[in-house]
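Look over the model below.

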Amino acid sequence: MTGDRLQKLMARAGIASRRKAEELIAAGRVTLNGRIAMLGDRARPGDDVRLDGRPLAEPTAHVTYLLNKPAGYVTTASDERGRPTVMDLVPAAPGLHPVGRLDLESEGLLLLTTDGDLTLALTHPRYGHDKEYRVWTAPEYVGDEALTRLEEGVHLDDGPAAATSVRRAPGGAVLVLREGRKRQVRRMLAAVGFRVVRLVRTRIGSLELGDLPPGEHRQLGEEDLGRLRFVEPLL
């Protein structure tokens, strides 16, 4: 059958990432030409695709922001406890959502986009985008033994974890990871006897935070986006 998969159409319309769109389809909330859609269905031009009874909006030009997230902001679209969210720091756009997470007290490079395909490319484990973190620790001096253990791997409650690379830095260290489990950097440092005092994500792939001030954002252009999208998958 020709046409695009429904989750791709939904991502292009800015409704959700492909992964979230698949969940919506599996939940029976999407219809195709009047019937409940199924995973694997494709739609051609002129087909009637609806979410909760409403037609999909026509795809619009996507927008992607690079934000220097300050501490104290939640990485969600909304917060039931009324805390400030990263959405308060960037212009509103239909379908805009954070790509991955930084926890409440973490800072640094965070992407927000309306492009579900880009979200998939940045979060799917097979693409393995490097993520670099500058951490300040207590105690401040991270010795050779701890650096070696971080690179060789430590055991966490959700499985082993290792840094792609790690080096000492004033007051702490710089770690590069290829995955992003919940509070992973903090838990890895705790496993080798250190408490993270401050954590700043400085790079994702080839995209660097640079001198962007905390709380400020910039919109990414096609050159930046092209480098993020086209990465060789890991074998």
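Strand β2 (residues 30-32) is joined to β3 by two bridges, and the two run antiparallel. Strands here are DSSP runs of E with at least two residues, helices are runs of H or I with at least four residues, and both are numbered from the N terminus. Two strands pair if DSSP finds at least two bridges between them. Opposite Thr31 stands Ile36 of β3.

## Basis of the model

This is a predicted model: local features need pLDDT of at least 70, side-chain atom pairs count only at pLDDT 80 or more, and totals for chains, interfaces and linings use all residues. Residues are numbered from 1 along each chain as its sequence is written, and side-chain values use heavy atoms, leaving out hydrogens and water.

## Helix α4

Which residues of α4 (residues 144-152) are buried? They are Ala146, Leu147 and Leu150. They cover an arc of only 100° around the axis, which puts them on the same side of α4. The arc is taken from the directions from the helix axis to the C-beta atoms. On the other side, Asp144, Glu145 and Glu152 are exposed. Buried means under 20% relative accessible area, exposed over 50%, and partly exposed in between (1.4 Å probe, protein chains only).

The buried residues of α4 pack against β13 (165-169), β14 (172-177) and α5. Contact means heavy atoms within 4.5 Å. Gly153 follows α4 and has a positive phi, near 120°.

## The largest pocket

The largest pocket has a volume of about 1,400 Å³. Of its 44 lining residues, Val99, Gly100, Arg101, Thr123 and Gly180 are the closest to its centre. A pocket is an open set of points on a 1 Å grid over the protein atoms alone, where a 1.4 Å probe fits, with protein on both sides within 12 Å along at least five of seven lines; lining residues have an atom within 4 Å of a point. Points are joined across faces, edges and corners, and the volume is the space filled by probe spheres set on them.

α3 gives the largest share of the lining, five residues. Elements that each supply at least two include β8 (97-99), β10 (131-138) and α5 (184-191).

## The chain overall

The protein chain has six helices and 17 strands. Of its 235 residues, 46% count as buried. The C-alpha trace spans about 65 × 35 × 35 Å along its principal axes.
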